[in-house]
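Please look through the structure shown here and follow the explanation with the model open beside you.

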Amino acid sequence: MRNFFRNSPTEAILLIVLAVVCLILTVATDQFLTLVNLANLLNASAINIIFAVGLVVVLIAGGIDISFAVAASVVQYVTVYVLAYFGGGNWLLGFLIAGSLGIGLGLINAFLIHYFRIISIVVTIATFNAFFGLLMFITSGRYLYNLPDWWTTRIILVEHQTASGRWAELTLPVAVMVVASIATWFLIRMTTTGRQLYAFGDNPEGARRVGINVAAMQAIAFGWAGMMAGIAGLMQVNFVQEVVPNALMGRELDVLAAVVLGGARLGGGKGSVLGCILGVMLIAIIQNGLNLLGISPFAFKMIVGAFILIAITLSNISFANFNFGRRT
Amino acid sequence: MTASPPAIHFEHITKTFGGVTALDDVSLTVLPGEVHCLAGENGCGKSTIIKIITGVYQPDAGAEMEIFGHKLSAITPTIARKLGIDVIWQDLALFPQMSVAENIAFEAVLGNVPRVVRHSKMRDKASEVLQRLGVNLDLEAPLHTLSVAERQIVAVGRALVGEAKLVFMDEPTASLTKSETDKLLNIVDKLSADGVAVVFVSHRLAEVLKISSRVTVLRDGKLVGVYGTEGMTQSRLTELMTGHTFDSVVAAQDRNDAPTVLEVKNLSRRGEFKNIDLTIRAGEIVGVTGLIGAGRTELGHALFGMSRPDSGEITINGAPVRFRSNRDAIACGVAYVSEDRLTLGLVQPQSIADNIVLPVLDKILDKLGLFSAAKKEKTVHAWINDLAVKIGHPDDPITTLSGGNQQRIVLAKWLATKPKLLILDSPTVGVDVGARAGIFEIVRKLASEGLAILMITDEIPEAYYNSDRVIHMSGGEFTGEYDPRTSTIHQIEEAVFA
Amino acid sequence: MAKTYQKLRDMLGAEVLGLLMFLVVVVIGFGFASPRFLSAANLGSMAFQLPELGLLTLAMLVPILTGGLNLAITFTANISGLTLAWVLQSNGGVDAPTSAFVIGVIAALAVGTLAGFVMGVVIAYVGAHPILVSLAMMIFLRGLGEFLTHGGDISGFPEYIQPIGHGFFLGIPIPLLILLFAAVGWHLMLSRTRHGFAAYMLGSNIEATRYSGIHTKRTLTLVYTFSGTMCALAGIVMLSRFNSVRVGHGEAYILITVLACFLGGVDPFGGFGRVFPVVMALVILQVLSSGLNLLGANQHLATAVWGLFLIAVMVIRWIWNRFARKQY
């Protein structure tokens, strides 16, 4: 416990803040602490958490990616057509196609960053626009509703009827989120590759000197982020039951903010799966709470933005001296 | 017993960087189990040759490289590591966000094939190494929470973890205390007894002579020779390293009649220096020497307003001063030439002219408060001529200059502020031996014009021959003062290296 | 011929000459491709479109010079425009007196400046990463704008502000004049003032600059503060040109401003870059944009082209640097 507080101070503080917010909402509203509300919160946040655990790997390796959400939209479209080619497919094929397409798009970023020595923010601003522009141009912004049944059917994992008669359900994206989180945790905590990613993000020159393969690090980081984005895209279609080319626009900033809130650092070497989950959940719970408290939905983004700005300021005050790693 | 091949046998090593020759036909041979010393001044090519042997740099064509009997045409960091070569870098190359255990046992996570990390095994390995070193550190603490000395120990530990058969130690004792250093030297002895060769790169001559059996001396990228340490003296070694037979004349003069420029009374800052009393008169050069970590640079920083002393008084030209930042210090006539020219002394990629005018922007404005190109040019020209700096064009990047000329630019930029007190922190670091005399010529001329100068240096002869007084600093305190006219250089050396 | 070239190069610098030749090629190319390209109408519309993008690019330029980035430029402009709109609306809307306009402009500039100042303080004094801080500010400002406007347009302004967006002075479009003044001002600031000089220096090495007695924290704060002021100016011009304010207007400009800076030779790591080449780059981008438009290219295709163009520019710079280094 003492170690947790010292080695993961951000996660620890986040946990406390989360507990306080939950406590306040429990007292202030009678709907917050209900099974139905909590289950819905989890269902709605699952996709962002899948995105987040992908992105955190890039941040750990010292990069930044803002193209992943748009990449997920591209993956959704291409997957629809590839599945049609295979005559409908199934979940296994869906995961394989979406995952590998995502990896492919991530590797484009990694290649440009590593080979041409372009900073990652510039590369991903460019690929963000290239992906989005081409997608909108080729699809003319068309929505797709005619999707395979297996893809759009809600799969309920656990359900429970509450006393009020409403159903509390956990759906497939939650299970995928759990698997994605465990896989990412395993990669970054338990494998040698994961530790090399931390080392590379922490001190790129030191990593190069001990013989870490720098190109492989970029490829793994952006490939992982791409794969998670592809899978998140697959899940998002399952959740909303349609494919809309600009549905995920802007999601990258929400996810990035949540991951940074969770303790990841621009400049690399820091970040955890727990932090991602806590960051995404905190923002989701605040929005949920504002909603339950009857505050105008137009105010959500403003309040969340202010909250993030304050959080970044506060979390940097104690680390101000270590935070000048501006270069990728 | 068959003669085992040498641990490393490198010949005809040449390395040029964009026209600058860093190494010129150097060779280095180290025997298994030998404690070898690589000696030479800063900038002589020691770091470059280590980087070549460990595969970070590739030598120019014509090099012959052999490691433990394997003839190699090219070395990569992975090959070097596989053949049992490890380095403790001067800048440590550690990972600040990772734990102590992981930094020490980092070896365990290397390799291109992903494997599962066994954290408990890494911890065991790390604690075993720390035990061998006889040090106690919290294995779970993130590295950035450790002191510099502790990080150094971690770096040493990391090299010991691998099955290294040859370890380079690049200034490993620089920031260790005496007892930590002694422990480290014991470890080196033990490694040597186990058959592990150690190549020691160190400034501390006493250490070099005490521990190593042979010493390879480099000067200006060239091999001076390989010598046994039996019968070698410190002054002979200094002579080989610098190429100077120090028959220099003591330049000290009595300045007691000159007005006092700087007066420091009882200045202390926790963990850095304490009870410092210092007076420097106009035209006086005071040398402060001592080991790295003695608090010399920290004192310089405090006098330049970069840190605030906890207690004590600073008086300049009779007026008490209290600096809130270095801007206040500069306004009071203090200038500071940093030991770290690369990252603190100059804004490296920018132009020569811009670097000179940076601290005197106020002086090159026209009536409207905008920069005047003519005034800027005039200032730049005046200083370049005055200090005889060899440059191409004032708009060239500062990186096009040699170390000695860069240092002249640093002096120029500070002299442009018309200082009363000039603090020189290791003014000859990275300056070629030939160019050093030129720097001191300027320094002495400045003093004769009435500037008070505080010169911080590792190089005892530099302090001895160029200062009016030499102060020995140790453990944050002034522990002795020597008048070069009445003391010998050996007295100071004995005090410092004792 | 060779001598004239040499002379021109000495006068303008290699990068400006390169851009100039590129511009000539692009203009000739489009001139042949579309007869309408060199028509007065098209040239006129370019002259009216360029300024808002140009002002935002100037706002982006100086943060990049210091090794940072300001992702909040477009929303800072929106919020400033909204401030002016609010002052006009609450003083009679279409019938608002000129005094209301003057007050509104001052208020708008103040709001933009304040947004920049807050970012600057957090970046300089707290040491948080500029990308994160400006990102959080962007989320906050977007939320604030959406909260205030509920996502709609604000319009209905007095007649007399129209000329700012549409009028001519001495035959030159007024918005172009505003850009010209701003660019000259920015050029003077960067090349002739202490502040500009310090900005370049700290972009290369903040610690060495501080050791030389520059108040680096104040400089960095001012860089973002002035950037905010410039955004406000862009917001005012946008308001007059569209006769309305909508939060999110010009969102896609971020990419183009970054592109203009890098095409104009600004070092992505900071420390080097000049106003004149960046303005040249802007003209090129405007010409490309109008040309593509005339050739009937879809707006989304244009977005993709910008993204790919940014990658191309960075790759060409990489090749150029390698080639130049080999010669050296």
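**A walk through the model**

C:Tyr211 is buried, with a relative accessible area of 7%. The model is a predicted one, and every value given here is computed from it. Burial is a matter of a cut-off: a residue counts as buried when its relative accessible area is under 20%.

A search of the whole structure finds 19 aromatic pairs over all chains. In one of them, A:Trp150 and A:Trp151 have ring centres 5.9 Å apart and planes at 15°, so this pair is stacked. The reason is the cut-off, because planes under 30 degrees apart count as stacked. A:Trp150 is buried, with a relative accessible area of 18%, and A:Trp151 is buried at 0%. For B:Tyr336 and C:Tyr211, the ring centres are 6.2 Å apart and the planes are at 35°, so that pair is tilted. B:Tyr336 lies in strand β16 (residues 334-337) of chain B and C:Tyr211 in helix α10 (residues 206-211) of chain C, so the pair joins two chains.

Return now to chain A. A:Trp150 and A:Trp151 belong to an aromatic cluster that also contains A:Trp91 and A:Phe95. In chain A, the charged end of A:Arg195 sits over the ring of A:Tyr198, 4.6 Å from the ring centre. In chain B, B:Lys165 lies over the face of B:Phe68, at 4.6 Å from the centre of that ring.

How many cavities of 30 Å³ or more does a search of the whole structure find? The search finds seven. By class, the lining of the second largest cavity has seven nonpolar, one polar and four charged residues.

Chain B can also be viewed as a whole. The domain assignment of chain B gives domain 1 (8-242) and domain 2 (260-497). Taken over C-alpha atoms, the centres of these two domains are separated by 32 Å.

Within the numbering of chain B, helix α1 covers residues 46-53. Seven of the eight residues of this helix are buried, so α1 is largely enclosed by the rest of the structure. The buried residues are B:Lys46, B:Thr48, B:Ile49, B:Ile50, B:Lys51, B:Ile52 and B:Ile53. Just after α1 of chain B, B:Gly55 takes a positive phi of about 85°.

Most residues other than glycine have a negative phi. B:His12 has a positive phi, near 55°. B:His12 is placed in strand β1 (residues 8-17) of chain B and is partly exposed, with a relative accessible area of 36%. B:Ala388 has a positive phi too, near 50°. B:Ala388 is found in the loop between α13 (373-386) and α14 (403-415) of chain B, and at 48% relative accessibility B:Ala388 counts as partly exposed.

Two further residues of chain B can be located by strand and by distance. B:Gly228 is found in strand β10 (residues 222-228) and counts as partly exposed at 42% relative accessibility. B:Gly228 and B:Ala126 are 102 residues apart along the chain, and their C-alpha atoms are separated by 35 Å. B:Pro320 is placed in strand β15 (residues 319-321) of chain B. B:Pro320 is exposed, with a relative accessible area of 67%. From B:Pro320 to B:Leu454 is 134 residues in sequence and 18 Å in space, C-alpha to C-alpha.

Key:
Residues are numbered from 1 along each chain as its sequence is written. Chains are lettered from A and ligands numbered from 1 in the order in which they are written. This is a predicted model: local features need pLDDT of at least 70, side-chain atom pairs count only at pLDDT 80 or more; totals for chains, interfaces and linings use all residues. Side-chain values use heavy atoms; hydrogens and water are left out. On a 1 Å grid over the protein atoms alone, a cavity is a set of points where a 1.4 Å probe fits but cannot get out, and a pocket is an open set with protein on both sides within 12 Å along at least five of seven lines; lining residues have an atom within 4 Å of a point. Grid points are joined across faces, edges and corners, and a volume is the space filled by probe spheres set on the points. Ala, Val, Leu, Ile, Met, Phe, Trp, Tyr, Cys and Pro count as nonpolar, Asp, Glu, Lys and Arg as charged, and the others, Gly among them, as polar. Domain bounds come from an automatic or database domain assignment. Rings of Phe, Tyr and Trp (its six-membered ring) pair if their centres lie within 6.5 Å; planes under 30 degrees apart count as stacked, over 60 as edge-to-face and the rest as tilted. Buried means under 20% relative accessible area, exposed over 50%, partly exposed in between (1.4 Å probe, protein chains only). Helices (H or I, at least four residues) and strands (E, at least two) are DSSP runs, numbered from the N terminus. A charge sits over a ring if NZ of Lys or CZ of Arg is within 6 Å of the ring centre and within 35 degrees of the ring normal.
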